[in-house]
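Q: I'm new to this one. Can you walk me through it?

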Amino acid sequence: MRYTRVGVLVTALIAAGALTASQALAGKTKRHQKVVTVGIVLTRSGNSAVSLYKVHSSLYGQGAAIQHAKLKNSNFPIHGTDTVTTYYADGAAATKDTFTVGTLNASGIGAITGSGRCTGGTGIHKHQRCTYKLTGTYNAKTTISHVTATGTVTG
């Protein structure tokens, strides 16, 4: 089950990174953004995992993200933190998140919740500021995570 938990955590973190990239388009105006991600765990060791995600931002379009996650426990509900770098055409956006993957239901699906903030980046994302909430699901049977990040971006 540890692999499943790590996958969920990673997906949540990536979604946060996607939000940061889209914020680059916002300029100094505060804008609403929605980022949808789907991802997979590439490697894991103990309570650490690295994941890769496909990202779509309502402000910035398509991108790809890499997540470095740390889990605080190994039983559901799982709590963790991560850093995510999301790559877009005009630069890379960096974010930090906290998340929870809830107890699995009878179908092996757990709810993902969390929040995060932008921490900088390159190109147009260098001076962005953002906050967002994470929601989604993790399927322990398939190890597929779907996470949506919604929030505001400035900068």
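Q: How many disulfides does the structure hold?
A: It holds 1 disulfide, meaning a pair of cysteine sulfur atoms within 2.5 Å. This is a predicted model, where local features need pLDDT of at least 70, side-chain atom pairs count only at pLDDT 80 or more, and totals for chains, interfaces and linings use all residues. Residues are numbered from 1 along each chain as its sequence is written, and side-chain values use heavy atoms, without hydrogens and water.

Q: Which cysteines form the disulfide?
A: Cys118 and Cys130, with their sulfur atoms 1.7 Å apart. The link is right-handed, at 105 degrees about the S-S bond.

Q: What does the pair tie together?
A: Cys118 lies in strand S6 and Cys130 in strand S7, so the link ties together parts 12 residues apart in sequence. Strands here are DSSP runs (E, at least two residues), numbered from the N terminus.

Q: Is Cys118 buried or exposed?
A: Buried, at 6% relative accessibility. Cys130 is buried too, at 7%. Buried means under 20% relative accessible area, exposed over 50%, partly exposed in between (1.4 Å probe, protein chains only).

Q: New topic. How do S6 and S7 pair?
A: S6 (residues 109–121) and S7 (residues 129–139) are antiparallel, over 9 bridges. Two strands pair if DSSP finds at least two bridges between them.

Q: Which residue in S7 stands opposite Gly114?
A: Leu134.

Q: And how many bridges join S7 to S8?
A: 11, again antiparallel, with S8 spanning residues 144–154. Tyr138 has Ser145 in S8 as its bridge partner.

Q: What's between S7 and S8?
A: They form a hairpin with 4 residues between them. Thr143 in the turn has a positive phi of about 60 degrees.
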